[in-house]
Amino acid sequence: MKAFDCAIIGAGPAGMSAAIELAQAGTNVVVLDRADRAGGQIYRSAADSALPDVASLGPDYTAGADLITRFEQSGATYLAGADVWHLGDDGRILFSYQSETRELHCREMLLCLGAMERPMPIPGWTLPGVMTAGAAQVMLKSDAVVADGAVFAGSGPLLYLIVAQYLRLGVQVAALVDTTPRQHYLDAAPLMPRALQQVGNLRKGLSLLREIRASGIPTFRYAKNLKVIGDNRAAGLRFAASGRQHEVSANTVFLHHGVQPNLNMSRAMGLAHHWNSAQMCWQVSVDAFGQSSVPHVSVAGDGAGIIGADGARAAGRVAAQNILFRLGRISQADRDQRVRADLNDLSALKPFRRFIDCLYRPTEALRLPRDAETLVCRCEEQSLGDLRKGFEQGARDPNALKSLTRCGMGPCQGRQCGHVVAGLLAQWRAESPEEVGYYRLRSPQRLLTLDELGRYDTVQAEAAE
Amino acid sequence: MFRSLQDDDHDLVTLSVNGRPVNARKGQSVWSAMAVAGQVVTRKAALSGEERSAYCAMGVCFECMVEIDGLPNQQACLRRVANGMSVATQDITEDSEEIDEGL
Amino acid sequence: MKADVLIIGGGIQGCATAYHLARKGASVIVVEKDYSGRHASGVNAGGVRLLGRDMAEVPLSKASMAMWQTLDEELGHDTGFRRQTLVNIAVDEMDLATVQAREAKMHDAGFTHERIIDQVELRERLPHVNPNCVGGMISELDGYAIPFKATSAFRLAAENYGAQVIEGEEVMGLRRVGDAWLAQGARHRYEAETVVNCAGAWADKIALMIGDNVPLSHAAPMLMITARMPHFAKPVVGAISRQLSFKQFENGTVLIGGGAKGFADRANNRTRLDYAKLAAACRTTAEFFPIMRKASINRMWAGLEAYLPDNLPVIGTAVNAPRAFHAFGFSAHGFQMGPVVGQILADLVMGGQCQFNLSPFRIDRFDRKVL
């Protein structure tokens, strides 16, 4: 089988940026992406938006169109609609493509798997009508679909961004319920001066908040004790703020309290991960060039710690230069010279990131459920009470708890419950998440029909060109 | 209530959702077509039978699994609409019995 | 730490042994290098199978099967056991000849639990089977259990009787000093009169510490489980001559086995899968049960399992040291035997007697073999 020099998984800002560099250097690079068109989540449909007024989404979004065009013209082999479900540390990749299974081999692998939203297991979060703020973004970007009269609840820049976008588009918003605790503003204040180095980013954030305030929609601050009300459908959000109970009626509730790396694939692959206590999530352990514990596997973008789209672009370029060095295409000195500017930019982003991470740090009350009946595992319907019982029966390890209760065994493969279970066990064992560990994950990383797996073929590097 | 911001009606396809005809735009996700049509329930939870709907809309939560053209476990947020497509709420629970009697 | 009996390995054999011993009043410590049920005992296919057993195993397996029927009540915990007939499908006349020969052999030995079924009965029991299949062989006491739950049930029951299960504790050294066994764990030291080796895929290392050599190998049988499907097959399904094996659990998920092996990386405590072989298993399953074509695979995995050259376990006393016993090497069919093996080992430890003929399972049965 003719192998590719490099396979990149994911065509977001990191993957596209890396592919452009690698293709320009004349390597045989293939990019596999589940979507029909490149962009990832952040630049989703940026090049072919269905929106009548795409400028309303802001310049950060429209800037994606240029990157997508450059990527599509780069000469990299792009397999759109390739749904990767197995990454082997031997360089073997299995994916579903047009309802069949395909296998390809690569010398170097670059994972650009991006982020997913941090689940928010509050009472009622499984009711139809409760979605994430990211879901609102996706529906808006790819299908120009919005929800009128929704309530937005939680904390963090992405939450304010979608609210502002809705307002610009004239979509009615029932309320913004901000859960950022008062204490976080105090904690973050000392980090502010250094964050000012990224004054542009800071100004963008402030102008979003100003825009929302100016719109006159009901805004609640320091909200606590969130609960989605409704019997079979979301009917509204109940919460406490300014010392009293509130209730906002809405058919749609969008929740958000930050994003975390999308790490099922990197976990299943057996890469080393560590707990990021500032971002309260696991991430792949990498060196300055994005190289993981398996030298021929690199990670760029949010998968190795949340850094945002600009950071992801720089990290993608850095990883690409290191891969060129590993492939013997450039010298170490060339690599070091070529990555200098991007590495500087990446470290310049850090103070701002530290400030944001501190200000919008997910609160324990929203990260871990408190009512025994609240579901942790949505797929297998395991509640906090069920897990506690399993723990008391001796299942102290996330995998033992999974085996005993089926928590994390459903189709989402622990994507929704993994961090919550690790957090709960850490609390119950009075140990760090690092000591508690995480689920052992297995391929396939998506549901796969027997028919699909049964039809198994290989993709040669030449044939794909 | 979900609605589309696109007011033109070119490139429409017709699919059926739980037997009802639904118009959608070519390239649109099955989930957003269902949402705009007011059909937000995608599946029944496997144990309790409670109704569920899309949560993340980006392929990670697997809540939006529906049956498409008789094939279960299809993520409505990842699948694109097609003319004549038949979409149904997925109601496979622990107690479901196969209705096809086999031979 | 001191106890009458030190059991090495917290799988189903170790936990069942601990349960039977503790119930008889012995003080017991189980040490487990990972967590109880981490390997083969917790991640196997859950088959509780008497059908098609090697003749040497049949008496033990039959006794164990009787125990399974009431195990939940006995242990006071849910093992997930469900009695569902096991059907081994015959594809053609050659398979039928195989089952007829098997039946004659079983009858000669006085066993009547296996029965041949014809094509009509096969289709009644499995309406979705490929119509080309001609018949099969069944055993009606058979069924399945949930492996991790069953192992946990034994552990919890043993703990109820005072046994101590110490997880995350690997035995680094073991030696006989005077009348005692001294074990050095990664964290603690142990002293016991008697040691029982139930260390599964690592049992050869423990056997060596005891003084017994054994030609143990290990492999990684692969499994796939589907998302829930509407119930379409009650019996557990196998085949006489093909790599077909699946069962639909009460929760609707379908577990597909078939014996295809992945790669066992014992040194790193992990396994790898061979996807091309799993693809072949998918084709076989869909060929026999077309309804399975639409089934969605949710997870695939492999467990580390210990094998002996004759595919029979080691059960019995150590030959080169006093007060030491073995139970391991079940060669991918030990889960069903767990309950009886626990009882046998408890009997051996407490009184030195056993109602079964254990000579086919002696640890030194390979010693005299000349290659």
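This is a predicted model: local features need pLDDT of at least 70, side-chain atom pairs count only at pLDDT 80 or more; totals for chains, interfaces and linings use all residues.
Let me start with one helix in chain A: helix 4 (residues 157-168) lies across strand 10, strand 11 (173-178) and strand 16 of chain A, and runs at about 160° to strand 11 of chain A. Helices here are DSSP runs of H or I with at least four residues, strands are runs of E with at least two, and both are numbered from the N terminus. Angles run from 0 to 180 degrees between N-to-C directions, and the axes are lines fitted to C-alpha atoms, for helices over the stretch in contact.

Residues are numbered from 1 along each chain as its sequence is written, and chains are lettered from A and ligands numbered from 1 in the order in which they are written.

In chain A, 5 strands form an open sheet with parallel pairing, in the order 8-16-10-11-12, where two strands pair if DSSP finds at least two bridges between them. Strand 8 (130-132) and strand 12 (219-220) of chain A stand at the edges with a single partner strand each, so one side of each is left without a neighbour in the sheet. Strand 8 of chain A runs parallel to strand 16 (residues 253-256) of chain A, and 3 bridges join them; within this pair, A:Thr132 stands opposite A:Leu255. Helix 3 (residues 133-143) of chain A also packs on the sheet, where it touches strand 8, strand 10 (150-154) and strand 16 of chain A, and its direction makes about 80° with that of strand 8 of chain A.

Let me turn to how helices pack on one another. Two packed helices are described by the angle between their axes and the distance between the axes. For helix 4 of chain A and helix 7 (residues 199-215) of chain A, the axes come within 9 Å and cross at roughly 50°, which makes helix 4 of chain A oblique to helix 7 of chain A. On the scale used here, angles under 35 degrees count as roughly parallel, over 145 as roughly antiparallel, 65 to 115 as roughly perpendicular, and the rest as oblique. The residues in this contact include A:Tyr160 and A:Leu161 of helix 4 of chain A, and A:Leu208 and A:Ile212 of helix 7 of chain A; two residues are in contact if their C-beta atoms, placed from the backbone, lie within 7 Å. By class, the contact of helix 4 with helix 7 of chain A divides into 9 nonpolar, 2 polar and 1 charged, with Ala, Val, Leu, Ile, Met, Phe, Trp, Tyr, Cys and Pro counted as nonpolar, Asp, Glu, Lys and Arg as charged, and the others, Gly among them, as polar.

A second pair is helix 9 (residues 308-326) and helix 10 (residues 332-359) of chain A, whose axes come within 9 Å and cross at roughly 165°. Helix 9 and helix 10 of chain A are therefore roughly antiparallel to each other. Among the residues that meet are A:Val318 and A:Phe325 in helix 9 of chain A, and A:Val339 and A:Leu346 in helix 10 of chain A, and this contact has 9 nonpolar, 4 polar and 5 charged residues.

What of the contacts between chains? In all, 37 residues of chain A are in contact with 32 residues of chain B. Helix 3 of chain A gives the largest share of the side of chain A that touches chain B, with 6 residues, and by class that side has 19 nonpolar, 11 polar and 7 charged residues. Strand 9 of chain A and strand 1 (residues 2-4) of chain B pair in the antiparallel sense over 3 bridges, and A:Ala147 stands opposite B:Phe2. Elsewhere, 12 residues of chain B are in contact with 14 residues of chain C.

Strand 2 (residues 12-17) and strand 3 of chain B pair in the antiparallel sense over 6 bridges, and B:Leu12 has B:Arg25 as its bridge partner.
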